[in-house]
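Morning, everyone. Let me put the structure up, and then we go through two features.

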Amino acid sequence: MQCSVGIFDDVPITVLFLTAGLGYAIGKLKAGPIALGGVCGTLIVALLVGQTGCQLHGDLKEVAFALFIFAMGYSGGPQFFANLNRSSLRFLVLPLIEAVTVTSIVLVATRLLALDAGTAAGLAAGAATESAVVGTAAEALHRLGADAGEVARMESNIATAYTLTYLVGLVSIVFFTSQVAPALLRINLQASSQELARRLQAASESDVATQPALPRVVGRCYRAEAAAGMTVHALERALGGRTLVFSLVRGDLSIEPVPDLVIEAGDRLALLGVRERLVAASRLVGIEVPPPPAQLDVLDLDHREVVLSKRQLNGRTLKELGGTARRRQLRFVWIQRISRAGLSLPITPATRLQHGDRLMLVGTDVALNAAAREIGTVVRQTEATDLVFLCVGILLGLLIGMLSVTVAGIPISLGSGGGALLSGLIFGWIAMKRPGLADMPPAAVQLLKDLGLAVFVACVGLSAGPDAIALVREHGAVLPLVGLAVSLVPACLSLWIGHAVLRIEGPLLVGAIAGQHVSTPAISAIVAASRSSVPLLGYTVTYAIANVMLPVLGPIIVVLAHRIGQG
């Protein structure tokens, strides 16, 4: 690394952390649901600092990108493979539309505007808001056989083109999915989401995605008054929502609450169920009272976080899960939360489970252990990362990336980035199926993704230097306009095909379009506009596929754009 700016001469590595830290600070600034994000912020700072002569050389950026891309594959592996099934088939069309349309528009622009391979790849990465393309494309440039100076110039153009088009792509897809698409579908997003939630029989519109501080399942004790004379079964049916009479104390005697047991006045009933049901239980049962000693342990519910890994449960709905589980195991277990790709899904009978989903179960200790065995594996609470597992995974990915085949005279190779991504997908799937084999806590995986990408883009941006100014002067005005087309054309095409051909419900469709664009700000805006987490059911499917598919576009665009330029 070299730097010619005063205090950075002696310790030039400080400029790297200054660039990344300041870039991520700028990226936190928000206007509504829209924020630049740390990657774009870091690139902007790096391009500015790069004008002073600070540059990074060596293998630092390659190491950082390998860590990032492996971690991205690792975190997305379970959901990627889980979505390769018949139930997700109609949603899989949308990421394909995104990939084909983005590539086509970029290559047409390459021909018309005489763009080099680096600028073309940066245009695709920025307008599609997929930062990983920056890395896979930069690596592919080194396999073109061009001289080092030309490769360095094109690599700097990736960073500059990304920065010029990212904000356009971000703002346009957020506004399109949350405002324009519902208007084109002629739906009120909030009303449609509520109607769809009712059809899916959602547990609650104020579910854990919007009110995480409130436990969904609770236990309370009541003294029987209005319920006197009813059987246990009749009371449970009247309360609804799988509310259970878990324990009954009559005087000093604890009685098993079998379904045909007749409740007497003064009985103390321990009820377990969804909060909304128990809040209104006093009207049907009697006043709420402190639990007697015999019921204290009953109302002390336990939790288990379980990773769904059983093959027969992939693609099953919650309703089907309830039908396949043995009654005694499921009777005293509730699902508190379903997490997928870091998002909390709505809990409805129609919600489909996927491999890698994390289910927070609530219930009694014995029932939780039995239910967990039916679903998958209990998540181990650990803060240690298995570095052997991590290093072997990255090493295998790099070896896979060295393999190459020639098709129609074009050498095709995954490269180290594509190889590490593939290896990450496989190792993530293995870790989900065999969680005891190796440990990589989610927080550690997220750190690898964030820090790896931050260091990589900082290195690329700092090395761009004066080449950034040259590209801005040559194509600065037109690239954002092309970026707008790259962002909106596939979104519009997916909206039409998804509605007219695939018959995807409106709230799910707009969520799926945000997912095919891999846009967290877009789905945040959709959830805010709909006041419902139902659109997440469409988002998570396309997000898992697009998060793997779009980075692969980097090498493809680089090779094809280079050939167009030579032609």
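I will take a surface patch, then a cavity. This is a predicted model: local features need pLDDT of at least 70, side-chain atom pairs count only at pLDDT 80 or more, and totals for chains, interfaces and linings use all residues. Numbering starts from 1 along each chain as its sequence is written, and side-chain values use heavy atoms, without hydrogens and water.

Surface patch. Phe81, Leu84, Leu414, Leu422, Ile426 and Trp429 make a nonpolar patch of about 480 Å². Patch residues have over 30% relative accessible area and no salt bridge, with nonpolar side chains joined within 5 Å. A salt bridge is a Lys or Arg side-chain nitrogen within 4 Å of an Asp or Glu carboxyl oxygen. Areas are Shrake-Rupley, 1.4 Å probe.

Which helix gives the most to the nonpolar patch? Helix α17, residues 415–433, with three residues. Helices are DSSP runs, H or I, at least four residues. Phe81 sits in helix α3, residues 60–82. Phe81 counts as partly exposed because its relative accessibility is 32%; the class runs between buried, under 20%, and exposed, over 50%.

Now the cavity. The count is one cavity of 30 Å³ or more. A cavity is a set of points on a 1 Å grid where a 1.4 Å probe fits but cannot get out; lining residues have an atom within 4 Å of a point. The largest cavity holds about 40 Å³ of space. Its lining includes Val102, Glu130 and Leu550. α5 (117–127) and α23 (536–566) each give two or more residues to that lining. α23 gives the most, with three. By class, the lining has eight nonpolar, no polar and one charged residues.

Notes: Patches are made of residues with over 30% relative accessible area and no salt bridge: like charges are joined within 9 Å, nonpolar side chains (Val, Leu, Ile, Met, Phe, Trp, Tyr) within 5 Å. Buried means under 20% relative accessible area, exposed over 50%, partly exposed in between (1.4 Å probe, protein chains only). On a 1 Å grid over the protein atoms alone, a cavity is a set of points where a 1.4 Å probe fits but cannot get out, and a pocket is an open set with protein on both sides within 12 Å along at least five of seven lines; lining residues have an atom within 4 Å of a point. Grid points are joined across faces, edges and corners, and a volume is the space filled by probe spheres set on the points. Ala, Val, Leu, Ile, Met, Phe, Trp, Tyr, Cys and Pro count as nonpolar, Asp, Glu, Lys and Arg as charged, and the others, Gly among them, as polar.
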